[in-house]
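Here are my quick notes on this model, point by point. Have the structure open while you read.

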Amino acid sequence: MDGAAGAEKPVVEHRLHPVTPLRRAWAPVAVLIGWGVHDPDGAQRQLMRLDTTTLWIGLAVFVPAAALYGFLTWWFTHFAVTDSELRIRTGLVFRRTAHIRLERIQAIDVTRPLLARIAGVAKLKLDVVGTDKKDELAYLGEAHAGALRAELLARAAGFAPDTAHEVGEAPVRQLLRVPAGVLAMSLVLTGATWWTLVAAVVVPSVLWFATESVWTVLATALPLLGAAGASSVGRFVGEYDWTVGDSPDGLRIDHGLLDRSHETVPPGRVQTVRVVEPLLWRRRGWVRVELDVAGSTNSVLLPVAPREVAGSVIARVLPGVSVPDATALVRPPGRARWCVPWWWRGYGLAVSDAVFAARHGLLRRRLDLVPHAKVQSVRLSQGPWKRYKGLADVHVDTGANKTVTARLRDAGEAAALLRAQAERSRTGRREALPDRWMA
């Protein structure tokens with residue numbers, strides 16, 4: 001027993017980067033800002049009651065207290081990598097220890113906000129099977145973050161602990177890089193941006209003539225202008241220099257003008273691939289590709305790309321799957337116009353040996369691709385009017401808690417599709433490859 005205990009490898013705990021207290025010291029400040037935003041009138045009244053001396057005394061107490069809070073939260077945060085798990089101990093008053101099994105790790109994203117890039121640090125976000133919220137290590141030195149990410153992924157892939165640190169970063173082969181000009185033009189041609197800008201001009205103008213209240217106009221205009229900025233400038237900044245690469249640990253995605261993000265789409269965890277085609281993009285042959293990944297918040301694969309290029313990237317995410325074109329999609333029967341006039345033409349369905357594909361939308365088309373192995377359940381629904389017209393909807397539920405629906409199908413076709421899809425899903429799950437990588 002003594003010999004076995006002596007042979008156990010000691011667990012070495014590490015602290016985060018020394019600049020971390022500066023980031024955590026902002027937490028008390030954020031609380032005050034949140035209080036001011038939630039109750040601006042009360043905050044203004046409290047500030048008006050303070051004289052200069054009291055204000056300086058408050059700052060002299062508050063600033064050191066915030067700095068001490070940041071230091072203590074950093075001091076009491078440790079992490080350690082053992083042969084089987086990653087342990088993260090946090091908590092100043094209430095202690096919390098997270099035990100993350102290495103074989104449950106699906107992906108590790110590296111994010112570098114602007115100030116973190118200046119300081120030479122990075123944040124690790126861990127995608128773990130069975131959890132919606134990501135655990136994170138913020139912040140680590142950039143070199144330390146890269147080495148730790150590579151080691152954790154190597155151990156998760158089954159490499160021995162003694163050799164995992166020698167594996168290093170998996171090689172990557174670039175598949176696509178979105179030019180800044182193409183990204184900017186795609187945002188200009190996005191209808192949602194223009195509708196939000198029009199609303200930001202028209203709605204406040206109408207309210208001004210109706211109420212002549214400056215505060216009412218500002219309260220309406222500012223959120224609308226913010227939404228317009230988020231859908232145009234915000235997206236450009238976030239999706240700038242979008243690069244997709246192929247790697248043994250999944251598809252690598254790097255993007256961001258100010259805040260750089262290094263994300264990984266883990267193989268085998270993609271539940272749905274969505275191909276979006278806005279009206280003004282069709283002449284240029286552009287599409288946007290989005291994802292539903294189980295246990296992950298990664299949702300965009302390609303912000304804009306030619307359809308042929310997008311198809312080749314989708315084939316890397318869903319091996320053996322080709323995106324059906326418009327001729328392969330079967331529209332609902334003509335009597336569907338009595339349920340959804342005109343817009344029924346935007347619906348379509350195609351089922352192959354690999355995927356269930358359903359299209360929605362006439363102006364902004366959306367094609368959802370669900371691999372049969374990812375289907376959790378299949379449902380058929382009929383309202384009274386659809387039942388009268390001999391129509392039904394077929395719903396396919398995925399492991400990402402999302403539903404893809406084939407709408408306005410013939411009732412007999414829908415019943416046959418329901419039975420066939422259930423069988424295809426069972427067969428797909430039996431034949432599916434394990435969700436592993438770096439083998």
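**Notes on rings, a surface patch and a buried threonine**

1. Start with the aromatic cluster: Phe71, Trp74 and Trp75 are joined by ring pairs. Bear in mind that this is a predicted model. Across the structure there are 6 aromatic pairs.

2. You'll find it in helix H5, which spans residues 52-75. Its relative accessibility is 38%, so phenylalanine 71 counts as partly exposed rather than buried.

3. Another ring pair to check is tryptophan 281 with tryptophan 286: the arrangement is edge-to-face, with 6.3 Å centre to centre and 80° between the planes. Tryptophan 281 has a relative accessible area of 1%, so it is buried. Tryptophan 286 is at 10%, and because the cut-off for buried is under 20%, tryptophan 286 is buried as well.

4. Is threonine 272 buried or exposed? Buried, with a relative accessible area of 1%. Threonine 272 lies in strand E11, residues 270-277. Setting aside neighbours within four places in sequence, threonine 272 is in contact with Glu290, Leu291, Asp292, Asp368, Leu369, Val370, Thr398 and Val404.

How values were computed
Residues are numbered from 1 along each chain as its sequence is written. This is a predicted model: local features need pLDDT of at least 70, side-chain atom pairs count only at pLDDT 80 or more; totals for chains, interfaces and linings use all residues. Side-chain values use heavy atoms; hydrogens and water are left out. Helices (H or I, at least four residues) and strands (E, at least two) are DSSP runs, numbered from the N terminus. Buried means under 20% relative accessible area, exposed over 50%, partly exposed in between (1.4 Å probe, protein chains only). Contact means heavy atoms within 4.5 Å. Rings of Phe, Tyr and Trp (its six-membered ring) pair if their centres lie within 6.5 Å; planes under 30 degrees apart count as stacked, over 60 as edge-to-face and the rest as tilted.
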